[in-house]
Amino acid sequence: MVVSRLAFAQTSPTTWWADSSGDLLRWLTTPFLTIGTTGITATGLFEAAFVIAIALLISKFLRRGLAGVSARLPNLDQGATYTLGRILHYAILVVALFGGLAVLGVDLTKIAIVAGALGVGVGFGLQNIVNNFVSGLILLFERTIKVGDYIELASGITGEVRDINIRSTIITTNDNLDVVVPNSELVSNSVTNWTLREAVRRIRIPFGVAYGSDKERVRAAALEAASAVEHTLSADGRAPQVWLVGFGDSSLNFELIVWLTATAVKRPARIAADYNWELETALRKHGIEIPFPQRDIHVRSAPGLRDRLQVQGEGLDKTEDRP
């Protein structure tokens with residue numbers, strides 16, 4: 001220990017720095033892992049990581065720029081912008097991956113070996129991940145489901161598509177709940193897209209009135225209720241309508257048919273409540289009765305029932321005559 005300290009003390013700083021730099025350089029350039037005939041060094045790993053990091057930054061800035069352009073141009077299709085951003089992101093990652101392999105010195109002509117190993121991995125349990133990834137690409141290119149669409153799943157869940165990621169799609173419901181759905185489920189199962197072709201939609205609001213009500217007054221009251229809701233469309237042949245759809249046990253059954261604006265389509269429960277509110281107000285204003293269930297009982301035959309009812313009736317009459 002004393003000898004080493006004396007040796008260190010006798011060594012000049014310049015010599016010590018040269019020796020340390022040489023050791024560090026040898027450590028950085030000496031392969032610590034060999035794949036085939038390619039030696040993997042620490043320097044190569046650092047350079048590959050730097051290439052991938054730069055690619056991720058470029059992808060992030062490009063997607064942020066596209067989002068800014070989409071926000072400044074309301075008429076621009078947000079779904080198309082999102083799809084373009086995702087495709088650019090995946091393309092940049094692929095280029096970065098090949099660039100990192102080239103920096104490491106891996107022979108890209110032998111990439112078939114890696115593909116074969118990946119195929120074995122898929123056979124041992126990555127089928128689900130690959131299926132969801134391919135399904136995500138199908139969603140991005142086919143564009144039957146886009147970011148911003150309001151969809152309804154086979155399970156009955158409704159919500160707006162927020163993100164289409166590598167493995168899953170995030171749907172936000174009207175209760176602000178985020179539902180994570182595997183991409184393969186959206187591709188293989190039936191999905192109702194409320195805003196695929198256009199954002200407007202027609203809904204039906206059922207209601208009933210008492211028998212004997214004037215049908216024309218009912219129509220006028222229902223149309224008045226529809227006009228009181230700000231989300232009702234009336235142009236381009238989409239004016240509200242009132243249909244008599246059936247004869248119930250206690251009521252005449254009508255439906256108020258209305259077309260909704262784009263902003264109202266994504267709030268079905270709230271909009272239905274608004275129309276029901278205005279319908280009750282308009283029917284009450286026009287003096288139209290909203291019925292409740294009623295039952296008429298007709299007794300055709302019951303031995304001794306008529307005599308007992310008559311006796312009970314006479315008893316009631318005598319009770320009323322008492323002072």
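1. Let me start with T81, which lies in helix α4, residues 78–104. Helices here are DSSP runs of H or I with at least four residues, strands are runs of E with at least two, and both are numbered from the N terminus. T81 is buried, at a relative accessible area of 12%; buried means under 20%, exposed over 50% and partly exposed in between, with a 1.4 Å probe and protein chains only. Between the C-alpha atoms of T81 and V147 there are 9.3 Å in space, while 66 residues separate the two in sequence.

2. A word on the basis: this is a predicted model, where local features need pLDDT of at least 70 and side-chain atom pairs count only at pLDDT 80 or more, while totals for chains, interfaces and linings use all residues. Residues are numbered from 1 along each chain as its sequence is written, and side-chain values use heavy atoms, with hydrogens and water left out.

3. Next, have a look at S213, in the loop between β8 (201–209) and α7 (215–228). S213 counts as buried, with 18% relative accessibility. A polar atom of the S213 side chain lies 2.8 Å from the backbone oxygen of A210. Setting aside residues up to four places away in sequence, S213 touches V218 and I288.

4. Finally, R238 sits in the loop that runs between β9 (232–233) and β10 (241–247). Beyond its neighbours within four places in sequence, R238 is in contact (heavy atoms within 4.5 Å) with E198, V200, L233 and W259. With E198, the R238 side chain also makes a side-chain polar contact of 3.0 Å. A polar contact is a pair of N or O atoms within 3.5 Å; within protein, one must be able to donate a hydrogen and the other to accept it, and residues adjacent in sequence count only if both atoms are side-chain atoms.
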